[in-house]
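Subject: Structure handover

Hello,

The structure you asked about is below. My notes on it follow.

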Amino acid sequence: SREPSEPDRVCSTTAGADSSPDLGVSAADVGLDDLDWVPAASSSGALVTPAAALLIEREAMACSKPQLPLRVQILLDGGWKDCSDDDTREICRRLRKGELQFTLHARGQNYSVDFLAANGATQLNVTTGKIRMLRILDRAEDDDITRTKTAGSLKTGSSGTLSTLGSRSLDLAQQLEFGAQSKRGGATRHPFKVLEGNPHAQECFKKFEQNEAKLCGEWGVFYHSYSFAALIYEVQAAVGSVLFRFRSQYAPLPRLLVKDFNEIPDAPCLAQRFTKDFATNKRDHHPSFRRVAVSCMCSLSSTGPEACTAMVFIAGYSCKDLSFRTVLENLLESCYVPKAKVKALATGIIALSEKHGLDVSQFGGKPCSSGKAGHLLQIFVRRPLIDKLAYSAKPYGPIDEDRMPISGWMNSNKSHQVGQARVVAHPKYFMRADSVRMYVASADPTFHAHREEFQKELVGLLSVILGEPELRQRAATGVYGGSLPSWWSAEDQRNHMG
């Protein structure tokens, strides 16, 4: 299952429209605020709690950037001043160990550091008894991965909170010790030899490796290779950005129509349906399977079975047993584009794709000039959601029981070079940055460089369904397949993304 099938209608039998502004994902699933992962603008850096500091520092320690990810400041008589790099590094080291109270030796003095003090973090000079306030700031970089939380999320004196922090710290520390998923278990870098002589591809994979290093603490990663479905994914991303705050500047959206997930909302349901219905009927090529799931590898350096991530990057995976033009037109109709305008709009979208170098040869348009039609979608899933959204698979979709549950395998230090997965690309999760994060690389250097501008122009072209509040409401209704959740508004949701 490499490409989307025609989005046939599915009768609603289970889940209905949601009524909360989290796109239907409960707080218990993720435990984080909705779409809260871009740092707040601040000239001095955003204040972070010890728990958030622990997370940021641990995730960044595996990254190749030499700059310290945090700033530790002390309140002197003249105001807040940055601590030395050595002091900052030591404080971060102690936080990595889960210590919130410890002794620091610096400049010939012993200091008692307490992040649990009633009035905030303090530093006590053991010899003189002088107490000074401490605080931790992030670097306020324009980095979408460095997340911050407001002060006060760690309640002093709450044993339950501290117990949770300690448990989470141990789990996080273990994952960070294991490191980037694609390098675990002594993984060989031999598959990357196919990228030699292709500087663009090498740079794309280097960026993916950096993302893994930063996010390996709390996120498992999957890799989805595709080619001709790219235009469908891009149109869905543009619609998602305007209607549901999806951050389309980072990646396309593999599935958009929430209504398509009524019968198969998650991976356990998909695995059950595969065993019952699909195993002897087209397997993962069954239209109902394709409608909700994508095929993935679990390592940048995967060697199989069937696919090598690096080797398939240039051409991408694709099926040709469907009409891509029909898929595009049906998608537009599902977003309530007037039928009389569907074909003209589809033609305009294809022409725009040609302008920016996207291969649309399967839509009746031109191929990309480089002949490199492949794309690779890097999909990070927050670890508590892995079993909900994915299962270990053999080629063509059968469950690989030896690697189930998939979370146990992905959380381990075993090599992930051999093993496929099927991921349920439910938009209620894939459009939430606290549940799923995605990044994309295109083998064609022209489209890769033009993609963000292409998205902007695509949104403009889609003004026929996105330009006015009443049009946005009709489109969102089409996405949901009925009544909209109570939190939704007809505003252009890009205005709320900062």
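A nonpolar core here is a set of buried Ala, Val, Leu, Ile, Met, Phe, Trp, Tyr and Cys residues joined through side-chain atoms within 4.5 Å; buried means under 20% relative accessible area, exposed over 50%, partly exposed in between (1.4 Å probe, protein chains only). The model is predicted, so local features need pLDDT of at least 70 and side-chain atom pairs pLDDT 80 or more, while totals for chains, interfaces and linings use all residues. Residues are numbered from 1 along each chain as its sequence is written, and side-chain values use heavy atoms, without hydrogens and water.

The largest nonpolar core has 75 residues, and those touching the most other members are Phe-222, Leu-231, Val-235, Leu-332, Phe-430 and Leu-462. Helix H6 (residues 230-244) gives the most to this core, 11 residues. Helices (H or I, at least four residues) and strands (E, at least two) are DSSP runs, numbered from the N terminus. Another core, of 19 residues, lies apart from it and includes Phe-192 and Tyr-439.

In H7 (residues 267-278), the buried residues are Ala-267, Cys-269, Leu-270, Ala-271, Phe-274 and Phe-278. A side-chain oxygen of Asp-266 lies 3.0 Å from the backbone nitrogen of Cys-269, capping the N-terminal end of H7. Polar contacts are N or O pairs within 3.5 Å; within protein, one atom must be able to donate a hydrogen and the other to accept it, and residues adjacent in sequence count only if both atoms are side-chain atoms.

Thr-128 is in the loop between strand S6 (122-125) and strand S7 (131-138). Thr-128 is exposed, at 56% relative accessible area, and its side chain reaches the backbone nitrogen of Lys-130 at 3.2 Å.

Regards
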